[in-house]
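Look at the fold below before reading on. This report takes it a piece at a time.

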Amino acid sequence: MTDATLLAVANSTDRESGYVGERFAQRGLAMRQVLRDEGDTPPTVPPGTSAVLLLGSAWSVADPVEEEALQRECSLVRSALQSGVPVLGLCYGAQVLAHATGGRVARAAQPEVGLVTVDSVDERLVPVGPWWAFHYDVITASPTAETLARNHFGLQAFRLPGALGVQFHPEVVPETLDDWLTRFPDMLAAGGGDKRALVAEARRREPQARVAAHRLVDDFLDRVA
């Protein structure tokens, strides 16, 4: 792609797009980031937007922190899909995608933290992993969505025409994981993880994680978009 813009929606505390943003840039999309917690999210897709990326967040759609921000992002999703602009949602972004298209999100009793594998019906589009997970949320996608992957925790990936949502975090670089584990120690403890071991594993797996994330972006652009 040339002269293409990627509209990325993020929280001000979680702006890192990691390996996913890296691959979009390599594919020729210049990122324009807007911050959902600062009211920056446009309710309609801006002219010239080639794709929309909804990044993760400490927020949960199951218990909205800012209802107006959630509704603006859902409006953006619907506008993008109606305009033929593809949408990729990661973790909280996948929750928003589901909510905007008739699905729902519930809060789980225990979090899913660390490396997870998934049972995939399309391993080319969504490989089995392992992928990094960091959430308390269980997604039920729209009845019109195609389930792509699940595991014991629940739905992990789904597709709609022009959209892909994944509950896991393909974008995560070791520094981001370290930050999350530092900011949310109670979640780490509830998930039964060890911060030092998880960050060390993220550093060890960095080459594989980059390849997996790049492949996911490629297949999103080439098969979903």
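## Ground rules

Helices here are DSSP runs of H or I with at least four residues, strands are runs of E with at least two, and both are numbered from the N terminus. Just after α1, G28 takes a positive phi of about 95°.

This is a predicted model, where local features need pLDDT of at least 70, side-chain atom pairs count only at pLDDT 80 or more, and totals for chains, interfaces and linings use all residues. Residues are numbered from 1 along each chain as its sequence is written, and side-chain values use heavy atoms, with hydrogens and water left out.

Buried means under 20% relative accessible area, exposed means over 50%, and partly exposed lies in between (1.4 Å probe, protein chains only). Which residues of α1 are buried? They are G18, Y19, V20, G21 and F24. Their cover includes β1, β2 (29–35), β3 (49–54), β4 (87–90), α4 and α7 (206–224).

S17 sits in the loop between β1 (4–10) and α1 (18–26). S17 has 10% relative accessibility, so this residue counts as buried. Contact means heavy atoms within 4.5 Å. Leaving aside neighbours within four places in sequence, S17 touches M31, L53, L55 and E171.

## Helices α4 and α6

Two packed helices are described by the angle between their axes and the distance between the axes. Axes are lines fitted to C-alpha atoms, for helices over the stretch in contact, and angles run from 0 to 180 degrees between N-to-C directions. The axes of α4 (residues 174–183) and α6 (residues 195–204) come within 9 Å and cross at roughly 165°. The two helices are therefore roughly antiparallel to each other. That label covers angles over 145 degrees; under 35 is roughly parallel, 65 to 115 is roughly perpendicular, and the rest is oblique.

Which residues make the contact? From α4 come P174, E175, L177, D178, L181 and T182. From α6 come K195, L198, V199, A202 and R203.

## Cysteines

A disulfide is a pair of cysteine sulfur atoms within 2.5 Å. How many disulfides does this rule give? The count is zero.

C91 is in no disulfide either. C74 is buried at 1% relative accessibility, and C91 is buried with a relative accessible area of 2%.
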